Amino acid sequence: MQALLGLLRNGLHSLLGNTIQTMEETGRTVCDVTSTGPWECTMDLARQVWDKSRHVEIFLKLLERAEGYSGEYPETTAETSSAGLAGDALAQLIELAQKIGDPVSAHALDFVLADASIRVRKDQPYAIA
């Protein structure tokens, strides 16, 4: 059981780091496109920063619940910032939380997964082909 809890902590820590990085990059993009892109795009990006900040808060609380903390693991190199990879990682962590018998973490991660799925569909009109 402790090994599974360690895997959950490691996965949460990785998602936390990548979410913070994505939030920072998106925030910079908001500042860069404010005067050059469509206002709707700027607002959608700003909402994404807000979503990411909420996800950071969730990951921090889940790390605490899993007896972990931010900075516990060295910098991770896993690339989970793209929507597909992040979704896969979230789905794996949901299964892990269910195996551990932690329905609260599984539910919170499912919320983040649903939130991320909605964001991907919403941002597609602004994608550059």
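I began with the contacts in this predicted model, and I found that, among contacts with a separation of 6 or more, residues 24 or more positions apart account for 76%.

I then looked up the elements and noted four helices and zero strands, which run α-α-α-α from the N terminus on.

For burial and surface, I recorded that 39% of the 129 residues count as buried, and that the protein exposes about 7900 Å², of which carbon and sulfur atoms supply 58%.

Next I turned to helix α2, which covers residues 39–65. I noted that α2 has 27 residues and that the distance from its first C-alpha to its last is 39 Å, close to the 39 Å expected at 1.5 Å a residue. After α2 comes Glu-67, and for Glu-67 I wrote down a positive phi, near 65 degrees.

Last, I looked up Arg-54 together with Thr-19, which lies 35 residues apart from Arg-54 along the chain, and I noted a separation of 10.0 Å between their C-alpha atoms.

Conventions
Residues are numbered from 1 along each chain as its sequence is written. This is a predicted model: local features need pLDDT of at least 70, side-chain atom pairs count only at pLDDT 80 or more; totals for chains, interfaces and linings use all residues. Side-chain values use heavy atoms; hydrogens and water are left out. Helices (H or I, at least four residues) and strands (E, at least two) are DSSP runs, numbered from the N terminus. Buried means under 20% relative accessible area, exposed over 50%, partly exposed in between (1.4 Å probe, protein chains only). Contact means heavy atoms within 4.5 Å. Accessible areas come from the Shrake-Rupley method with a 1.4 Å probe; for residues, only the protein chains shown count as cover. The expected span of a helix is 1.5 Å times one less than its number of residues.
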